[in-house]
Amino acid sequence: MTSMASERSWLLDPGLLKLVHQCRRLIRSEFGVKLHLTEEHLEQQLAEYASKTRSSHLTRTWEALQEKVPQLCVAREGEDVPKRMYRGQEIAEDSRPAVGASSEDTEADQARKKKVIYRGQVIG
């Protein structure tokens, strides 16, 4: 417990605490996740949500916090990019470029695309 307290001594600075509260508020409004100051991996979660956000305000606030606390930058750089998972299995990354629709589509291909099946019956 004391090691976690010594690692988070920067939270005692009112200016830094204000930035952390801004980040928490923006994350709660965008993602609906309420982060607590007592969580073990608060810094990592803040960094994760800041990287996923569409909000430029959250990104700027997180960058300002990183500039003032150099410990946060080091913790994030050491991590690997997590692999994408679906139902417990890793999703293979598709390295093939996206293929556009060719102009040589036959009428059968176009008809197959327009065919709608509902409960096993062909509808239109």
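Modeller: The axes of helix 3 (residues 42-52) and helix 4 (residues 56-68) come within 9 Å and cross at roughly 140°. Axes here are lines fitted to C-alpha atoms, for helices over the stretch in contact, with angles running from 0 to 180 degrees between N-to-C directions; helices are DSSP runs of H or I with at least four residues, numbered from the N terminus. Helix 3 and helix 4 are therefore oblique to each other (angles under 35 degrees count as roughly parallel, over 145 as roughly antiparallel, 65 to 115 as roughly perpendicular and the rest as oblique). The crossing of helix 3 with helix 4 is left-handed, that is, the near helix is turned anticlockwise from the far one by less than a right angle. E43, L46, A47, Y49 and A50 of helix 3 make the contact with L58, T59 and W62 of helix 4 (heavy atoms within 4.5 Å). This contact has 6 nonpolar, 1 polar and 1 charged residues (Ala, Val, Leu, Ile, Met, Phe, Trp, Tyr, Cys and Pro count as nonpolar, Asp, Glu, Lys and Arg as charged, and the others, Gly among them, as polar).

The model is predicted: local features need pLDDT of at least 70, side-chain atom pairs count only at pLDDT 80 or more, and totals for chains, interfaces and linings use all residues. Residues are numbered from 1 along each chain as its sequence is written, and side-chain values use heavy atoms, leaving out hydrogens and water.

Helix 3 also meets helix 2 (residues 14-31), the two axes coming within 11 Å and crossing at roughly 55°, which makes helix 2 oblique to helix 3. This crossing is left-handed. V20, C23, R24, I27 and F31 in helix 2 meet L46, Y49 and K52 in helix 3; by class, these are 6 nonpolar, no polar and 2 charged residues.

Note on methods. Helix = DSSP H or I, 4+ residues; strand = E, 2+ residues; numbered from the N terminus.
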